[in-house]
Amino acid sequence: MTERLHLLVPAAGTGSRAGTAQPKQYQTLAGQAMVCHTLRALLAVPGVSSLSVVVSPDDSRMAALLAADPVWAGVRVRPVGGASRAASVSAGLQALRGEGHSERDWVLVHDAARCLVQPEWIQALIQTCRHDPVGGLLAMPVPDTLKQADGQDRVQATLARADKWLAQTPQMFRLGDLWRALQAAGESVTDEASAIEALGLAPRLVRGHALNFKVTYPEDLALAEWVLAARSQIPIAHGEHRT
Ligand code: CTP
Ligand code: MG
């Protein structure tokens with residue numbers, strides 16, 4: 001298999017729902033900026049050709065943060081972010097294309113805000129999708145009963161949940177396919193898979209992990225910090241229960 005793997009981390013958001021004074025990716029969690037936890041996990045994935053972080057053009061903080069420690073030497077900061085997540089990802093893909101990478105190379109897009117991701121979960125995605133014609137994403141079957149609201153916070157219907165999944169990241173597609181899909185989809189898509197789906201393709205769902213949630217609201221920051229602190233302090237013997 002000659003196709004290479006590129007990791008692309010959109011980190012150009014402002015984190016408005018998190019309620020933090022600074023963009024959430026810079027919020028300190030268990031002693032380190034959130035984005036550093038994310039990048040540490042990504043750097044531990046074997047067989048990766050490049051790791052890029054997309055930030056806003058006016059963001060000088062990421063470059064300064066990563067320059068402070070040689071552990072981040074392999075991370076490329078790309079100040080090409082846009083007004084939406086889709087625009088930031090598109091700009092990152094454009095940068096990769098401009099460097100002459102093959103259209104058939106795989107790109108794994110991972111939210112900076114999913115800072116609890118583990119290398120093994122990403123490896124499972126890669127193993128499942130590497131020989132897939134389309135690609136896929138980490139996702140979780142919906143665990144709770146699903147209600148449809150009527151617009152006034154009253155239940156209109158209870159939906160079947162057996163076929164429903166919550167999309168996570170990384171989302172893994174070929175550079176050329178994903179570029180074309182995002183160009184066609186525009187800025188409103190909130191993940192890569194929906195752009196690929198709009199081309200009539202069916203991405204593969206690969207079971208992720210409940211702890212691969214996206215830090216979005218203030219309570220998520222506290223939960224992520226508890227998990228990070230627990231991981232660094234408490235060695236748990238039984239792999240099954242490992243976070
Ligand atoms: N993102 C990005 N460019 C944008 C918007 C979002 O690169 N214009 C990134 C975020 O930095 C984050 C990921 O996309 O890592 C997921 O987006 P989300 O959780 O929505 O982050 P924000 O947009 O920053 O938060 P909010 O929607 O609450 O403002
Ligand atoms: Mg957002």
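Which residue has a backbone N or O atom 2.7 Å from an oxygen atom of ligand 1? The residue is Gly15.

Good morning, colleagues. This is a predicted model, in which local features need pLDDT of at least 70 and side-chain atom pairs count only at pLDDT 80 or more, while totals for chains, interfaces and linings use all residues. Residues are numbered from 1 along each chain as its sequence is written, chains are lettered from A and ligands numbered from 1 in the order in which they are written, and side-chain values use heavy atoms, with hydrogens and water left out.

I begin with the ligand. Around ligand 1 there are 18 residues, the closest being Gly15, Ser16, Lys24, Ser88 and Lys214; a residue counts here if one of its heavy atoms lies within 4 Å of the molecule. Ala83 has a polar backbone atom 3.4 Å from a nitrogen atom of ligand 1. Each is a polar contact, that is, a pair of N or O atoms within 3.5 Å.

I turn now to the largest pocket. Its space amounts to about 1000 Å³, a volume being the space filled by probe spheres set on grid points joined across faces, edges and corners. A pocket is an open set of points on a 1 Å grid over the protein atoms alone, where a 1.4 Å probe fits, with protein on both sides within 12 Å along at least five of seven lines; lining residues have an atom within 4 Å of a point. There are 42 lining residues, and Arg17, Lys24, Asp111, Lys214 and Thr216 lie nearest the centre. Two or more residues each come from α3 (85-98), β7 (135-141) and β10 (165-174), and β10 gives the most, with 5. Helices (H or I, at least four residues) and strands (E, at least two) are DSSP runs, numbered from the N terminus. By class, the lining comprises 17 nonpolar, 15 polar and 10 charged residues, with Gly counted as polar.

Finally, two individual residues. Tyr217 sits in the loop between β11 (204-207) and α7 (218-233). Is Tyr217 buried, exposed or partly exposed? Tyr217 is partly exposed, because its relative accessible area is 40%; buried means under 20%, exposed over 50%, with a 1.4 Å probe and protein chains only. Setting aside residues up to four places away in sequence, Tyr217 touches Arg17 and Ala18, contact meaning heavy atoms within 4.5 Å. Val155, in strand β9 (residues 155-159), is exposed, with a relative accessible area of 55%.

Conventions. Polar contact = N/O pair within 3.5 Å; in protein donor to acceptor, adjacent residues only side chain to side chain.
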